Each structure stands twice: as structure tokens, then as C-alpha cells.
Amino acid sequence: MKMNTDRFSLTVDEYLAETNVLFYLNDAVTQLLEHKEEYTQFGVVRYVAEYFTSVKNGNHVLFREFNYIKATPHNRVSFIHIFWKCFRQIGKNADLLAISEYSSLLQLLCPDFPVEMVQNTARIVLMEDAIDCLMSFSDFIYSFQIQFYYEEFVQSVSVIYQDLLSGKNPNTVIVPTSTSVEQLSSAASEEQETQKGVDSSIFSECIEALCERLKHKYPSTAAIKEVLRSSPQQSFHGFLMALAKHEGINQDIGALPNKSDLLIDPEMDQELERLIAQVAISPTSNSSSSAAGQKELSKKASPRKSLHQRKRIEMESDGSTEETDSSEN
């Protein structure tokens with residue numbers, strides 16, 4: 001987990017708030033109580049140590065519910081990074097996928113991941129009238145990063161954009177609600193009629209005022225101004241696409257490599273080569289044991305998977321997730 005370099009100058013309350021320690025402690029205790037018998041045998045001290053090791057390494061979000069993976073900035077970064085590591089092979093193969101297919105991939109890692117967020121991501125990449133078109137992995141993942149990591153910011157900006165389109169004063173306190181998904185769709189529909197968008201300078205002023213009061217994460221104001229200065233008028237999804245392509249914003253989030261390195265993962269490639277070498281040394285396999293392994297994998301593919309089981313998941317560069325258990329009988 002990333003730490004503030006000036007963390008030693010923070011008060012106790014500021015440190016706890018910045019690192020979300022209390023959130024993770026609460027979740028660790030909740031998981032322990034829900035699986036008390038299992039973790040008592042496993043060892044409570046060891047369980048707590050491995051829980052926070054998994055948080056530090058970023059694999060704690062695997063197979064967890066959507067409310068958990070979006071609960072903290074670190075969780076969001078971890079989920080984006082894991083999605084990239086699991087499925088970057090799609091980009092290497094130059095495959096183009098539909099919204100439903102990207103939604104299915106996300107739900108392999110988070111079973112209740114909402115399809116609405118995937119649809120909103122597609123609207124950044126595609127025009128509204130081409131929403132059913134296929135998308136490349138690189139286009140999707142950088143747009144998804146903006147939509148997911150900055151979700152509250154994006155929702156609030158959509159409200160500002162609609163107000164500017166309708167001539168209303170957007171300089172009011174904006175509280176995203178459950179209707180935000182509908183508002184994003186509405187903003188896209190409005191753009192069909194007003195393709196040129198809104199005045200960039202006014203849009204910039206409104207977004208800057210939003211950032212001053214927004215309690216959630218948002219892109220740097222310098223990057224926002226840079227994007228909006230590029231054109232006298234800006235559309236909502238054009239603005240989001242520009243944020244998705246901005247290298248500085250991508251580096252600030254820290255979940256994905258630069259676009260030129262998106263399909264490169266030497267560590268994962270070396271692991272794949274090691275596995276292939278093992279297969280080459282032992283080419284024969286027992287079909288019945290293989291079937292048993294598949295059955296065991298299917299049985300364990302659950303969002304309620306215990307921590308020490310999750311920790312053994314290995315992500316291969318072919319886009320699959322495979323799990324082994326050394327305690328297997």
C-alpha cells in the first residue's frame with residue numbers, strides 16, 4: 001500500500017484516515033468471525049499477518065464483493081492492477097471484445113461487479129450510437145481506470161456538464177446519488193444533440209470548484225486544466241477520454257504501466273516460461289487427477305473464498321486464474 005512520505009508528521013487520526021487502517025481491521029475481524037472454526041485451526045496470529053500481507057500485496061480484493069473492492073483507493077488500484085495482470089493476454093492477442101465480454105471478465109474477479117460501470121466505460125471509448133461495437137483491451141482498461149477509480153468525481157462532473165448544457169448554475173454542492181448512472185446515460189444522449197459540448201473555460205472553473213469540496217479522489221487540477229485548454233469546447237465523454245489518455249494521471253493512480261508497456265510483464269512471462277518448462281520435463285499427466293483438479297478448482301471458485309486460499313491464486317499471462325492448495329489430500 002502506498003504511504004505518504006510525510007506520514008510521520010501526521011497526527012494519529014490523520015494517519016488512520018489516510019491509510020484506512022480501521023477499515024481493514026474491521027474487515028479482518030469480520031472475516032475471522034465468519035470463518036471462526038477454520039481460522040482458529042489456521043492460527044489467529046498467522047491469519048492477521050497474512051491478511052495484512054495480502055492487503056499490502058494487493059491480492060486481497062480477489063473474489064470480494066463490489067462494495068469491498070471500491071471501499072478504499074488502495075482497493076480500487078489493486079483491482080485495476082489485478083484485472084490487467086489477469087487479462088493482458090487479450091491485448092497481446094489483439095482481441096476485440098464486446099461490453100458483455102468485458103463485464104464477464106470483471107465478474108470472474110468480482111462476482112457482483114455492476115454491468116452499468118462497464119457500459120459507462122464503453123461510452124467513454126465509443127460513441128453512444130456505436131455502443132455495441134468491439135473495444136481493444138488498451139482502450140477499455142485505461143477508460144475503465146478513470147471510470148472506476150474516480151467514480152464519484154465522474155458522477156459529479158456529469159451533473160455539472162448537464163447543468164451547463166441546460167443553462168443552469170452548476171456552482172452548487174453536488175452529491176452523487178443512485179441516479180448518477182442514469183445521469184451519465186442522459187449526458188451521453190444530450191451530446192448527440194450538442195456534439196460541440198460546453199465552453200471549456202467555464203467547464204474548467206466549475207470542475208476546479210468541485211475539486212475544492214470533493215472528499216473523494218480526483219485527477220490533479222493541473223491535468224484537468226491541461227486537457228480543457230486543448231479545445232475551446234469540450235464534450236463530457238471527450239473530456240473523460242482525454243483523462244484516460246493522460247500519462248500523468250495514469251502515473252498518479254499507479255495501477256497500470258504506461259501504454260507503451262501495457263502488454264509487457266516480465267515477471268509474469270518468466271513465471272509462464274517456468275510452468276511450461278515444468279510441463280516439458282513431465283509431459284505425462286493423469287487424466288483422472290486432472291479432472292479432480294478441475295472439480296476442486298470449480299468448487300473453490302467462490303466469492304466467500306477464505307484468505308489463505310485466495311493467497312495461493314496464481315495469475316498467468318494467458319488470462320486465467322489458477323489455484324492450488326498444498327494441503328490437498
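## A walk through the fold

Guide: Here's a starting point: this is a predicted model, and 44% of the protein's 329 residues count as buried.

Visitor: How many helices and strands does the protein have?

Guide: Counting along from the N terminus, we get both kinds of element in this predicted model. The tally is 18 helices and 6 strands.

Visitor: What share of the contacts with a separation of 6 or more comes from residues 24 or more positions apart?

Guide: Contact here means heavy atoms within 4.5 Å. Take the contacts in the protein with a separation of 6 or more, then pick out those between residues 24 or more positions apart, and you have 70%.

Visitor: Is Cys-86 buried or exposed?

Guide: The cut-off for buried is under 20% relative accessible area. Cys-86 falls under that cut-off because its relative accessible area is 0%. So the word for Cys-86 is buried.

Visitor: How many disulfides does the structure hold?

Guide: A disulfide needs a pair of cysteine sulfur atoms within 2.5 Å. The number the structure holds is 0.

Visitor: Which residues of α14 make the contact with α8?

Guide: Helix α8 (residues 115-125) packs with helix α14 (residues 236-245) at about 90°, and their axes are 8 Å apart. Angles of 65 to 115 degrees count as roughly perpendicular, so that is how α8 sits to α14. On the α8 side, the contact is made by Arg-123, Ile-124 and Val-125; on the α14 side, by His-237, Leu-240 and Met-241.

Visitor: Where does Ser-204 lie, and which residues does Ser-204 touch, not counting those up to four places away in sequence?

Guide: Ser-204 lies in helix α12, residues 200-213. Its relative accessible area is 13%, so Ser-204 is buried, as that is under 20%. Leaving out residues up to four places away in sequence, Ser-204 touches Lys-225 and Leu-228.

Methods:
Residues numbered from 1 in each chain as written. Predicted model: local features only at pLDDT ≥ 70, side-chain atom pairs only at ≥ 80, totals over all residues. Heavy atoms only, no water. Helix = DSSP H or I, 4+ residues; strand = E, 2+ residues; numbered from the N terminus. Buried < 20%, exposed > 50% of the residue type's maximum accessible area, 1.4 Å probe, protein only. Axes fitted to C-alpha atoms, helices over the stretch in contact; angles between N-to-C directions. Parallel < 35°, antiparallel > 145°, perpendicular 65-115°, else oblique.
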